[in-house]
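Reader: Please present the model under discussion, and then let us examine selected side-chain contacts.

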Amino acid sequence: MNTYQNPLESRYCSDEMLYNFSPEKKFTTWRKLWLALAEIQKELGLDISDEQIKELREQVSKIDFKKADEYEKKFRHDVMAHVHAYGDAAPAARPIIHLGATSAFVGDNTDLIQIRDGFELVKKKLINVIKGLHSFALKYKDHPTLGFTHFQPAQLTTIGKRATLWLQSVLLDLEDLEYRLETLRFRGVKGTTGTAASFKELFDGDFSKVKELDRKLSERFGFKKVFKVSGQTYDRKIDAQALEVLSNIAQSAHKFTNDLRLLQSLKEIEEPFEKNQIGSSAMAYKRNPMRSERIASLAKFIISLATSPAMVASTQWFERTLDDSANKRLSIPQAFLAVDAILLIWNNILDGLVVYPKMIEKHINEELPFMATEYIIMEGVKNGGDRQELHEIIRQHSMEAAKKVKMEGKPNDLIERIIMDEKINIDKEKLMKLINPSNFIGFAPEQTEEFLDQEVNPILLKYEHLLGINSDLRV
């Protein structure tokens, strides 16, 4: 253990996302692209034998990584290193490997495949977050809780209604993700500067065959769309757009954990805390929101990463420069790995959220008397009172009650004060019924039900096949 380990790999993300950006996935995809290129070129009339195709196919997954590394040290060129390693394994096919192509043929097309497949993995975990939030919102749609604006007590809402706000952000992220998946284009076969000059030579100037090669190869790798024009590389805005999607997901996750950490501080709702989990090495009683804090930390990393491909896209020169390469190798995989980790943790939290109704009730009771004053004034006016006189009486009682709470730490006795004040003409029994928290939540339950039914349920039905994941934390 004497070399640096990326914690995204060693601590946080899933095996499937790690595989998506692994050398094995990358370089077997290179070979699949070379194989498909040769097969379609043969279909379109180039002199490529069945034996050559057979050799290429047999060696797709049999990569000698050590030999490829040796070639790269010699050539200082990763694509040519793998061309030679593939040629050693398939000697009959050596002359036609990478025929007419440039490095971006395998490099860029593989990047696009990894982005697409990464998005699909993200989508699965995002759908399960939506399911978890849906279940939580439905369960607590009627349960009153203190609302906050500026983190100051405000009108009541319900626990379920607050969860719909988290859900709304995630639905926007899903829409964005779906759009990027639907419109993602393959680079295809474009040549060294995007003119397909080498393929013009190979097909004796037949542009229709070059277009057919481009179309068939893109379809073979599952892409509905292909860039009609490019330089040597696909438009680097694709990378910027991809990381914008991941950044948006990170933002939503961070907002959720901000709220949850505040709620945990209020002792109203807590993230899961395992039997043998230690919150603090010094303070044995602590239950730190470790999961939420980890999400927040990873989210900041992703949001900051999103600027890298944006800068790359804006500073490319003409048909291509290579100052994108090292940046892409770092920013794109790590952003996907970090989002994958966030979604695993988020699902883990939602599997075990703990709600403390008595603490929520306590906080409501501390503030509800103040919120009920407008209703009390209106009731007093109905019974013949003067609105301005009632307002002043209740204002004075409110100030005294607040003083007792803040300066003496005593319970809020505003309602008792109002009941005892003979100048306030109101039915005391009716008053006690009036201050039931359920009378102060507006249409929160109805809004929650309608939102879940009309906005969320169709998504869960559409992606029913993606529901169910293992959300256990690695550490």
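Author: Buried means under 20% relative accessible area, exposed over 50%, and partly exposed in between (1.4 Å probe, protein chains only). The model is predicted: local features need pLDDT of at least 70, side-chain atom pairs count only at pLDDT 80 or more, and totals for chains, interfaces and linings use all residues. Residues are numbered from 1 along each chain as its sequence is written, and side-chain values use heavy atoms, with hydrogens and water left out.

Reader: Is Lys25 buried or exposed?

Author: The relative accessible area of Lys25 is 11%. Because the limit for this class is under 20%, Lys25 counts as buried.

Reader: Which residue forms a salt bridge with Lys25?

Author: A salt bridge requires a side-chain nitrogen of Lys or Arg within 4 Å of a carboxyl oxygen of Asp or Glu. For Lys25, the closest N and O atoms of the pair are 3.0 Å apart. The partner lies in helix 7 and Lys25 in helix 3, so parts 92 residues apart in sequence are tied together; helices are DSSP runs (H or I, at least four residues), numbered from the N terminus. The partner is Asp117.

Reader: How many residues apart are Glu16 and Lys125?

Author: The side chains of Glu16 and Lys125 meet in a salt bridge at 3.1 Å, N to O. Glu16 belongs to helix 2 (residues 15–20) and Lys125 to helix 7, and their separation is 109 residues.

Key:
Helices (H or I, at least four residues) and strands (E, at least two) are DSSP runs, numbered from the N terminus.
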